[in-house]
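Please look over the sequence and the structure shown below before reading on. The report then takes up a few features in turn.

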Amino acid sequence: MELEHRFDLPVGVEQAWTTLTDVGIVAECFPGAHLEKVEGDTFTGSLKFKAGPLRLTYKGTARFVEKNAAAHTATLEATGTEGPGSAGTVLVTAVAKSLSPNMTQVDVVTTLSLTGRPAQFGRPLMVEIGNRHIGQFADAVSTKLVGRGTGGAELVDVDNPDTIAAAREQALHRGDDSGQYVRRVTGDRSAAHRSGDGRLSSLLTTALPAALVFVGVVLLRKLLRKDPAPAAPTDS
């Protein structure tokens with residue numbers, strides 16, 4: 001499953017980006033995270049969270065696969081296990097954009113893949129968990145920076161997990177790295193979502209043809225059911 005969230009931080013873009021790429025601050029602000037060891041851009045730790053009646057703890061490693069200071073983007077990949085047969089992979093890309101000298105917009109795209117018990121969670125529950133954790137993280141970072149939260153995070157989009165899995169498989173088959181995959185898959189979609197062009201294109205390519213076919217079928221049925229006109233009387 002892929003989730004896209006957006007939130008604002010009441011600081012300049014450079015300070016926001018530096019904060020979001022600081023492993024210690026990220027671990028401190030993300031609910032349930034515990035940092036154990038840091039070696040450069042790779043670190044180990046655990047993440048606890050509640051999913052319905054279950055309380056889960058994932059232990060594993062994470063690393064920054066990309067950090068671009070000029071573009072203010074960073075991609076983090078994490079893998080962990082919760083128990084026998086239960087594993088998870090998370091790919092998170094954050095993009096910081098300056099709105100003003102003291103306000104930065106942050107877009108976070110999270111691609112999540114789970115196996116074992118957690119994989120049985122329904123899609124609505126996974127969205128709820130993502131909303132809660134990203135929202136709490138956004139407020140925690142804002143509070144650390146300026147002493148107050150900014151209202152959590154907005155869920156911008158949710159992508160079908162089957163579509164994401166297929167796209168990722170194709171990217172890996174071509175030999176693309178994780179950062180390239182995320183930039184290509186989410187970049188065009190996010191831009192189209194924000195401009196509205198993506199929705200219009202989807203409407204024109206799917207809904208409109210379907211509507212035309214439906215109208216054609218209705219008209220055809222009416223013509224076939226219409227009683228034939230009575231024959232004209234003939235002169236005797």
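Which residues do ring pairs link into a cluster? The cluster is made up of Phe7, Phe30 and Phe137, where rings of Phe, Tyr and Trp (its six-membered ring) pair if their centres lie within 6.5 Å, with planes under 30 degrees apart counted as stacked, over 60 as edge-to-face and the rest as tilted.

## Basis and confidence

This is a predicted model, in which local features need pLDDT of at least 70 and side-chain atom pairs count only at pLDDT 80 or more, while totals for chains, interfaces and linings use all residues. Residues are numbered from 1 along each chain as its sequence is written, and side-chain values use heavy atoms, with hydrogens and water left out.

The average pLDDT of the protein chain (the predictor's confidence in each residue, from 0 to 100) is 76, and 67% of the residues score at least 70. Over residues 177–232 the pLDDT is below 50, although this stretch has 39 contacts in the model beyond near neighbours in sequence, a contact meaning heavy atoms within 4.5 Å. Where pLDDT is low, the predicted coordinates should not be read in detail.

## Aromatic pairs

A search of the whole structure finds four aromatic pairs. One of them, between phenylalanine 7 and phenylalanine 137, is edge-to-face, with 6.4 Å from centre to centre and 85° between the planes. The two residues are 130 residues apart, phenylalanine 7 being in strand S1 and phenylalanine 137 in helix H3; here helices (H or I, at least four residues) and strands (E, at least two) are DSSP runs, numbered from the N terminus. Phenylalanine 7 is buried at a relative accessible area of 2%, and phenylalanine 137 counts as buried at 8%, where buried means under 20% relative accessible area, exposed over 50% and partly exposed in between (1.4 Å probe, protein chains only).

Phenylalanine 43 and phenylalanine 64 form a tilted pair, at 6.4 Å centre to centre and with 55° between the planes. Because phenylalanine 43 lies in strand S3 (residues 42–51) and phenylalanine 64 in strand S4 (residues 54–68), the pair ties together parts that are 21 residues apart in sequence. Both phenylalanine 43 and phenylalanine 64 are buried.

Strand S5 (residues 73–83) contains threonine 75, which counts as buried at 0% relative accessibility. The side chains of threonine 75 and threonine 93 are joined by a polar contact of 3.1 Å, that is, a pair of N or O atoms within 3.5 Å; within protein, one must be able to donate a hydrogen and the other to accept it, and residues adjacent in sequence count only if both atoms are side-chain atoms.

S5 pairs with strand S6 (residues 86–100) in the antiparallel sense over 10 bridges, two strands being paired if DSSP finds at least two bridges between them. S6 and S7 also run antiparallel, joined by 13 bridges, and alanine 96 has valine 106 in S7 as its bridge partner.
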